[in-house]
Amino acid sequence: MTDELVSALMGFAAVGITAGLAYLLSARFTNTGAKLKRFYPEAGIASVMIPLVSAHRTKDSTVYIVGSDGEYACGNPQWPNGLESWLAEGNRVSYLLIDPTEAAIKIFRRIQDQYPDHFRFTAANSSSVRDKPRVSELIHKYETFHFALFDNPPQMWIEGSHPRKSPVAYNCEYLPPKEAATDPRFYRFKDNFLLVQHGVSKA
């Protein structure tokens with residue numbers, strides 16, 4: 001089952017296509033002990049994710065974030081302000097944006113200039129890596145499929161669909177430390193993130 005399908009099914013469970021489907025999916029994926037996760041049919045990364053991860057985040061975490069155009073940061077200062085507060089505490093952030101707008105680039109370049117040892121910003125587009133099919137494939141996927149990974153301790157936020165220019169994402173999922181540490185997606189997503197970041201930087 002693909003990551004996108006899992007996230008989509010979770011979203012259906014959260015909003016309830018039918019009462020029966022909602023109950024079955026909720027029983028399978030929400031009330032199963034070690035599989036306990038939290039699902040959001042619609043969410044903003046600043047208003048929903050930041051409070052969730054703050055309950056566990058330390059001051060020595062590395063965060064890997066994938067986004068698309070970056071317009072969310074332009075229209076909601078809570079998000080770049082949240083990033084800067086993490087960086088000021090000593091955390092490290094690697095941020096990958098797919099085809100970001102000029103306004104978004106300006107915001108993240110400013111943060112990078114302010115925290116050069118802790119913040120790495122990478123702008124990517126599939127046309128720049130046509131000779132690297134796997135990297136190009138992932139970049140295309142990341143146009144709408146986003147995530148944020150935290151280590152020390154592990155945490156994971158997944159956005160099944162975040163359309164460009166949209167202030168909210170859909171079919172979102174949060175995994176706290178215990179669940180993130182045992183979910184194979186965490187390590188696969190991290191490996192794919194680093195593959196794209198390296199591929200773009202070498203393009």
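Guide: Two residues are in contact when heavy atoms of theirs lie within 4.5 Å. The model shown here is predicted, and its contacts can be read with that definition in mind.

Visitor: What share of the contacts with a separation of 6 or more comes from residues 24 or more positions apart?

Guide: In the protein chain, residues 24 or more positions apart account for 71% of those contacts. The chain has nine helices and seven strands. Of its 203 residues, 50% count as buried.

Visitor: How should I read a nonpolar core, and which residues touch the most other members of the largest one?

Guide: In soluble globular proteins, nonpolar side chains tend to be buried together. Here the largest nonpolar core has 33 residues, and W79, W86, Y95, F108 and W157 touch the most other members. Helix α3 gives the most to this core, with seven residues. A second, separate core has 22 residues, including V135, F147, L149 and V200.

Visitor: Which residues does W86 touch, if those up to four places away in sequence are not counted?

Guide: W86 touches M49, I50, V53, R57, V63, W79, N91, V93 and F150. Among these, M49, I50 and V53 belong to the contact of α3 with α5, in which W86 takes part from the α5 side.

Visitor: How does one read the packing of two helices, and at what angle do α3 and α5 pack?

Guide: The angle between the axes is compared with a cut-off: under 35 degrees, a pair counts as roughly parallel. Helix α3 (residues 45–54) and helix α5 (residues 78–88) pack at an angle of about 25°, with their axes 9 Å apart. Therefore α3 is roughly parallel to α5. Their crossing is left-handed. On the α3 side the contact is made by I45, A46, S47, M49, I50 and V53, and on the α5 side by Q78, W79, G82 and W86. By class, this contact of α3 with α5 has seven nonpolar, three polar and no charged residues.

Visitor: Helix α5 also packs with α6; is that crossing left-handed or right-handed?

Guide: α5 passes α6 in a right-handed crossing. The two helices pack at an angle of about 15°, with their axes 11 Å apart, so α5 is roughly parallel to α6. From α5, the residues W79, P80, L83, E84 and L87 meet I107, F108, R110, I111 and Q114 of α6. This contact of α5 with α6 divides into seven nonpolar, one polar and two charged residues.

Visitor: At what angle do the axes of α7 and α9 cross?

Guide: Helix α7 (residues 133–141) and helix α9 (residues 184–201) cross at roughly 115°, and their axes come within 9 Å. A pair at 65 to 115 degrees counts as roughly perpendicular, which means that α7 is roughly perpendicular to α9. The crossing of α7 and α9 is left-handed. R134, V135, L138 and I139 of α7 meet N192, L195, V196, G199 and V200 of α9. The classes in the contact of α7 with α9 are six nonpolar, two polar and one charged. V135 and V200 are also among the members of the second core.

Visitor: How are backbone angles to be read, and where is the peptide bond that is cis?

Guide: Most residues other than glycine have a negative phi, and most peptide bonds are trans. The bond from N152 to P153 is cis, with omega near 0°. P153 lies in the loop between β5 (146–150) and β6 (155–161), and N152 is found in that loop as well. Phi of N152 is near 55°, a positive value in a residue other than glycine. N152 counts as partly exposed because its relative accessibility is 40%.

Visitor: What is phi of D99, and where is this residue placed?

Guide: Phi of D99 is near 50°, which is positive although the residue is not glycine. D99 is in the loop between β3 (92–98) and α6 (102–114). With 33% relative accessibility, D99 counts as partly exposed.

Visitor: Is P176 buried or exposed?

Guide: Buried means under 20% relative accessible area. P176 has 11%, and therefore counts as buried. P176 is found in the loop between β7 (169–175) and α8 (177–182). Leaving aside neighbours within four places in sequence, P176 is in contact with H56 and P154. The C-alpha atoms of P176 and A55 are separated by 9.2 Å, while the two residues are 121 residues apart along the chain.

Notes:
Residues are numbered from 1 along each chain as its sequence is written. This is a predicted model: local features need pLDDT of at least 70, side-chain atom pairs count only at pLDDT 80 or more; totals for chains, interfaces and linings use all residues. Side-chain values use heavy atoms; hydrogens and water are left out. Helices (H or I, at least four residues) and strands (E, at least two) are DSSP runs, numbered from the N terminus. Buried means under 20% relative accessible area, exposed over 50%, partly exposed in between (1.4 Å probe, protein chains only). Axes are lines fitted to C-alpha atoms, for helices over the stretch in contact, and angles run from 0 to 180 degrees between N-to-C directions. Angles under 35 degrees count as roughly parallel, over 145 as roughly antiparallel, 65 to 115 as roughly perpendicular and the rest as oblique. A crossing is left-handed if the near helix is turned anticlockwise from the far one by less than a right angle, and right-handed if clockwise. Ala, Val, Leu, Ile, Met, Phe, Trp, Tyr, Cys and Pro count as nonpolar, Asp, Glu, Lys and Arg as charged, and the others, Gly among them, as polar. A nonpolar core is a set of buried Ala, Val, Leu, Ile, Met, Phe, Trp, Tyr and Cys residues joined through side-chain atoms within 4.5 Å.
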